[in-house]
Every structure is written in C-alpha cells, then in structure tokens.
Amino acid sequence: MKFYTFARGLVNIIFKFIYRINVHGKENIPMSEKLIVCSNHHHNLDPVIIGLIFPREVSFMAKKELFENKVLKFILTKMGAFPVDRKESDIKAIKNALRVLKEDGVLGIFPEGTRVEEFNLDNVKSGTALISIRSKSRILPLYVEGTFKFLSKINVYIGEPIDFSEYYDQKLDSETYSKLSKDVLKEIYTINQK
C-alpha cells in the first residue's frame, strides 16, 4: 500500500470524528487527465481537506519552510509535496510542477501563495496561469469554507474546469499571466455563490 493511500485512510477516520465535511460539485472532477487543483487558502488544514475529498492523488506545492523540519519533510515528500520559495521566482518548483503534470498527475496550488483572511485579487501569483498554459493542463477551482472548530461543518465547493487552451503555444507577457491568474482567483471565490 502506498504511503499516500495509508495516510489518507488514517486521517479520514480521524476527521470523521472531528468535522462534518460536505462536498458540492464532485461531478466536476476530471478522472483521467492531468489537472491543476487551485483553492483558496484560509487554514493550515486546507490541503489535508482537499487530499481527503479528492479521489485522485494530489501533489501540493508547499512553502519551503515546512521542509526544514525533518519529520515533516519526510511526510510531505512521501505525500508527493515539494517545496516552493514564495519570496522569489522558484524555477525548480515550476519544473517540479511541470513534471507532475507531464506524468498526467494532479498538482495542488494555492494561487494566493499563503493563508489569507479576505479575498484580494492582488494576492494572486501569476505562476498559476503560467504552469497551466506551459503544461497544457486545465485548472479545477475549489473553495473551502469553514471555521475548522471541533465538530463544525466544512463545505468544499468544486467548480467546472477552466480551460486556457486558446493561449497554448503563444508567447505571453507577465501581465497576461497575471490577468489570467486573477481570473482563476475570481472563479474560486464565486463558486459557492452559484
């Protein structure tokens, strides 16, 4: 048994006693293509919740600081996560992201780059659209909503995949990547209103 499957099963049992997780729009998940899962990021447990509700294995980009702890580094690496330096353009992280997608995997990204309390378009990182277009992968927007208090309800809203295929094989500037990434963030924050 893979470590990912074992860990997800174990956490799933524990979380059933802690939270009530409701998933809306599960039918929007493509089951066979390479895919980028993009979500808002309000709580440390967001990636855990996404990993639990998602039927496919998700490899997350995670802040490099998490990998400084040896135990956490071991667990994250076994779970398919890889580090990203949020303070500068991290070419290695982008290459790792493209590798996951080249192997028809699922990449998990938080477009805002860090946990945020309120929606602000200026928080978005332009790498979201860049990775989607370079890898020719669709983006699946998710919105996680909840207080994460004991026995509270957590809602996960899954939108329809976003397709940037009209931009494939085009030479785009940083402004265009930024605009497209903002479009993704807007979609994330409006899923639960549809």
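Helices here are DSSP runs of H or I with at least four residues, numbered from the N terminus.

Figure 1. The model is predicted. G51 sits in helix 2, which covers residues 46-53. Is G51 buried or exposed? Its relative accessibility is 10%, and buried means under 20%, so G51 counts as buried. Which residues touch G51 once its neighbours within four places in sequence are left aside? Y4 and R8 are in contact with G51.

**Figure 2. The whole chain.** Six helices and seven strands make up the secondary structure. Read from the N terminus, their order is α-β-β-α-β-α-β-α-β-α-β-β-α. The C-alpha trace spans about 50 × 40 × 30 Å along its principal axes. How does the radius of gyration fit a compact globule? For 194 residues, such a globule would have a value near 16 Å; the chain has 16 Å, so the two agree. Of the 194 residues, 43% count as buried. Among contacts with a separation of 6 or more, 72% are between residues 24 or more positions apart.

**Figure 3. Surface and charge.** The accessible surface of the chain is about 10,900 Å². Carbon and sulfur atoms hold 52% of that surface. The chain carries 30 positive and 24 negative side chains. How far apart do the centres of the two sets lie? The distance is 7 Å.

**Figure 4. Strand 3 and its two partners.** Strand 3 takes in residues 58-63. This strand is mostly covered, with five of its six residues buried. Which way do strand 3 and strand 5 run? They run parallel, joined by three bridges. Strand 5 consists of residues 106-109. Within this pairing, F60 has G108 as its bridge partner. Strand 4, residues 82-84, also pairs with strand 3. That pairing is in the parallel sense, again over three bridges. Here M61 stands opposite F82 of strand 4.

**Figure 5. Helix 5 and its cover.** Helix 5 spans residues 127-135 and is mostly covered. How many of its nine residues are buried? Seven of them are. The buried residues are T128, A129, L130, I131, S132, I133 and S135. What covers them? The cover includes strand 2 (35-39), strand 3 and strand 5. It also includes helix 4 (91-102), strand 6 (138-145) and helix 6 (174-188). K136 follows helix 5 and has a positive phi, near 55°.

An α-helix has 3.6 residues a turn, so residues three or four places apart point the same way.

**Figure 6. S174 in helix 6.** S174 is found in helix 6. Is S174 buried or exposed? Its relative accessible area is 56%, and exposed means over 50%, so S174 is exposed. From C-alpha to C-alpha, S174 and M61 are 21 Å apart in space. In sequence, 113 residues separate S174 and M61. Helix 6 is also among the elements that cover the buried residues of helix 5.

Technical notes: Residues are numbered from 1 along each chain as its sequence is written. This is a predicted model: local features need pLDDT of at least 70, side-chain atom pairs count only at pLDDT 80 or more; totals for chains, interfaces and linings use all residues. Side-chain values use heavy atoms; hydrogens and water are left out. Helices (H or I, at least four residues) and strands (E, at least two) are DSSP runs, numbered from the N terminus. The radius of gyration is taken over C-alpha atoms; the globule rule is 2.2 Å times the number of residues to the power 0.38. Buried means under 20% relative accessible area, exposed over 50%, partly exposed in between (1.4 Å probe, protein chains only). Contact means heavy atoms within 4.5 Å. Accessible areas come from the Shrake-Rupley method with a 1.4 Å probe; for residues, only the protein chains shown count as cover. Lys and Arg count as positive and Asp and Glu as negative; His and the chain ends are not counted. The place of a charge is taken as NZ of Lys, CZ of Arg, CG of Asp or CD of Glu. Two strands pair if DSSP finds at least two bridges between them.
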